[in-house]
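Try each task before you read its solution.

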Amino acid sequence: MKKENRTHILFRYLVVIAVLMLLVGRVVYFALDNTVLSAPKWNAKAMVELSRTDTIRPERGDILSDNGQILATNLCFYTIRIDFRSERFLEGRYLLALDSLADSLALHFPVRTRDEWMKRLKKPMDIADKNKRPRAYKILSNISYSQYQLLRTFPFFCIKNPNKNGLTRERINRRVNPYGAMARRSIGGVGIDSVTGQTHGISGLERALDTLLYGKPGIAKKVPLTKDIVNWTDVPPTPGYNIRTTIDINMQDIVENELNNVLTTCNADWGVAVLMEVKTGNIRAISNLEKSPYSDEYIEGMNRAVLGYEPGSVVKTLSMMIALEDGIVKNVDDIIETGHSFPYAGGKAITDSHGAPSMAIREVIERSSNIGMAKIITSRYGENPGAFYSRLKNLGFLDPMNTGIAGERPPRIDSVASNRGGRIALSRMCYGYTTEIPPLYTLSIYNAIANDGVYVKPRLVDQLIGIDTDSVLPISYMGNGRACSSKNAELMRQMLTDVVWGEHGTGKLLRNDRVKIAGKTGTCYIIEGGGYNTSKKRLAFCGFFPAENPLYSCIVLTCYPKQNMFGAASTSGTVLKNIALKMYSRGMLENSSDYRSGTPRDVRPTLYATANRNRFEHLRSRLELGPMRYFQPREAKSGMPSVVGYNLRDAIHLLEKSGVDVRINGTGYVVAQSLPPGSKITPGQRVTLTLAQ
């Protein structure tokens with residue numbers, strides 16, 4: 001019996017040993033095969049894997065304002081998720097912390113109420129089968145790093161081990177504009193290429209300067225380590241250039257607000273305004289607003305500053321400048337017979353809405369005479385209309401400006417034939433019809449006139465800032481660098497000044513006693529259905545200020561105002577005037593109403609009092625106050641009140657309640673008034689207050 005059992009046991013050992021030997025033999029075979037017999041094949045596969053490279057995306061450059069403030073930059077945001085099937089997830093502790101966790105989330109992330117957070121946090125736990133609970137349950141998205149750090153202090157999330165709280169984060173880089181919609185269309189936006197997954201500009205500066213902003217991608221190679229094959233940076237990425245623009249944040253704010261105010265008042269479809277520095281061509285502000293399809297508010301819309309439109313009468317300035325330069329007009333005081341209509345070349349008669357039977361040539365701009373302008377230009381170019389196109393081309397007016405704004409288009413001005421149709425087209429072209437000129441091109445002509453005839457290109461990019469170099473871009477001149485001679489520029493400046501300040505000017509509404517404005521109004525009917533819709537107008541004003549020493553040029557377009565204001569001066573011109581006044585009030589026009597030369601003897605303010613003199617002198621000496629001035633206001637039971645000794649705010653409040661129009665001279669407190677106290681008041685009567693410190 002024992003011998004038989006021993007035989008069976010030995011047999012089993014032999015079977016086990018045989019199986020083990022087979023397994024060992026198989027292992028040895030495959031080891032030999034992998035290391036010797038099939039080594040070339042596996043080495044080739046390894047080389048394929050190790051030679052595979054990945055692209056490292058570079059960091060996109062920032063877009064900056066003229067003083068370095070950030071207009072567009074890259075920020076890191078996080079999407080927060082919970083893995084409810086994490087290996088060591090503390091389910092019990094999670095359930096105990098739900099109340100306080102919902103409170104914290106509702107307080108700091110009020111996208112949901114406390115009850116809504118509670119419901120969302122409990123939902124995964126209602127699944128009985130733990131293996132069916134979500135592994136990437138979204139809690140929050142698009143939160144900043146500081147918000148993520150705050151989240152890590154909440155109950156349960158404060159557990160440091162991610163295996164225990166299941167907390168995971170997904171990092172996302174996004175392009176953001178810290179100033180929101182300010183100059184949004186000019187700055188532009190970015191998008192992700194569906195094929196490469198790379199981020200590139202799709203509009204504005206982001207698109208036009210994409211190759212500079214994007215940088216150069218890096219290369220990562222595969223490197224074998226002990227436990228894994230990892231990416232190893234072989235060629236580091238080169239960040240994109242930071243681009244300093246010419247935008248001034250404060251001026252941009254003024255332009256956007258003033259454009260928005262007028263568009264809202266007149267209920268226009270859209271508007272565009274561009275503010276440019278005369279000497280350099282730097283675009284200091286650019287705003288494109290259009291009515292939102294979802295509300296009555298105006299939002300940043302299409303960048304119409306670089307799109308072509310029929311300019312209307314603002315182009316008469318260009319025509320008159322050419323007439324002076326070409327010697328067509330030799331004396332601006334010569335009289336031109338305009339009549340009431342001008343049936344040129346058998347076409348529809350040209351008429352004037354502001355004309356007169358005759359006028360001096362200098363008044364053609366002031367009165368905005370279509371007939372006068374057409375007669376002047378056709379007298380030279382009528383027999384060869386195509387020569388007018390050549391004149392504009394030689395000037396450089398049709399060349400690309402390369403401002404850096406995506407979508408920029410050159411003017412569309414046709415080279416017409418020397419026939420009846422061409423002559424008719426020329427007669428319309430010279431005062432703003434049958435052409436398409438972007439507002440920025442029109443502005444460049446006015447800027448050249450303001451700049452003593454020097455023609456600088458408008459530009460939005462000032463400097464490229466990179467790791468290896470910082471390059472300031474030079475000012476670029478169009479054509480031969482001059483639009484006209486200094487003498488003719490001076491004549492043109494006077495004509496444009498007369499538009500606002502002349503007896504027959506179409507822009508008299510823009511007069512004010514702070515900033516002298518020069519410019520030109522323009523009205524153009526909108527083309528619809530193949531013809532002009534005379535009930536819809538596009539109104540323009542282009543000019544510069546201060547007129548006596550131009551520092552800034554500006555153009556404003558207002559499309560189809562429907563209420564309150566309908567003229568070019570009362571819409572687009574009012575925007576320009578308000579911009580000029582607001583800049584003046586902030587000391588941006590090389591002015592400072594608060595500056596006094598010399599060192600004052602006593603920097604403490606003068607105090608005014610009407611009570612007991614001895615009492616106030618005692619108070620002044622004890623508190624070491626400044627000098628005191630005493631006055632005894634004359635009481636008026638009726639009629640004009642006395643405001644001598646009042647501060648400006650209180651004086652204006654009292655007088656305007658009485659129905660008078662107040663004008664002021666000086667700064668400080670009222671020391672005199674032009675109408676004596678008690679005198680009879682007529683509504684709208686003007687009283688001048690003299691102020692002194």
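**Exercise 1. What is the volume of the largest cavity, and which residues lie nearest its centre?**

Step 1: the largest cavity has a volume of about 90 Å³. A cavity here is a set of points on a 1 Å grid over the protein atoms alone where a 1.4 Å probe fits but cannot get out. Points are joined across faces, edges and corners, and the volume is the space filled by probe spheres set on them.

Before going on: this is a predicted model, where local features need pLDDT of at least 70 and side-chain atom pairs count only at pLDDT 80 or more, while totals for chains, interfaces and linings use all residues. Residues are numbered from 1 along each chain as its sequence is written, and side-chain values use heavy atoms, with hydrogens and water left out.

Step 2: 13 residues line this cavity, with Glu310, Pro311, Val314, Ala540 and Leu557 nearest its centre. To count as lining, a residue needs an atom within 4 Å of a point.

Step 3: helix H16 (439-450), S22, S23 and S24 each bring at least two lining residues. Helices (H or I, at least four residues) and strands (E, at least two) are DSSP runs, numbered from the N terminus.

Step 4: sort the lining by class and you get 9 nonpolar, 2 polar and 2 charged residues. The nonpolar set is Ala, Val, Leu, Ile, Met, Phe, Trp, Tyr, Cys and Pro; Asp, Glu, Lys and Arg are charged, and the others, Gly among them, are polar.

**Exercise 2. Which strand gives the largest share of the lining of the largest pocket?**

Step 1: find the pocket, with a volume of about 910 Å³. A pocket is an open set of points with protein on both sides within 12 Å along at least five of seven lines.

Step 2: of its 29 lining residues, Ser353, Asn370, Tyr433, Thr523 and Tyr525 are the closest to the centre.

Step 3: strand S16 (350-351), S22 and S23 each supply at least two lining residues, and S22 has the largest share with 5.

**Exercise 3. In what order do the strands of the open sheet run, and which are its edge strands?**

Step 1: the 6 strands go S13-S12-S11-S24-S23-S22, with antiparallel pairing. Two strands pair if DSSP finds at least two bridges between them.

Step 2: strand S13 (298-300) and strand S22 (518-528) are the edges, each pairing on one side only. From one strand to the next, the twist averages 20°.

Step 3: look at strand S12 (residues 283-291), which pairs with S13 over 3 bridges. Lys291 stands opposite Tyr298 in S13.

Technical notes: Axes are lines fitted to C-alpha atoms, for helices over the stretch in contact, and angles run from 0 to 180 degrees between N-to-C directions.
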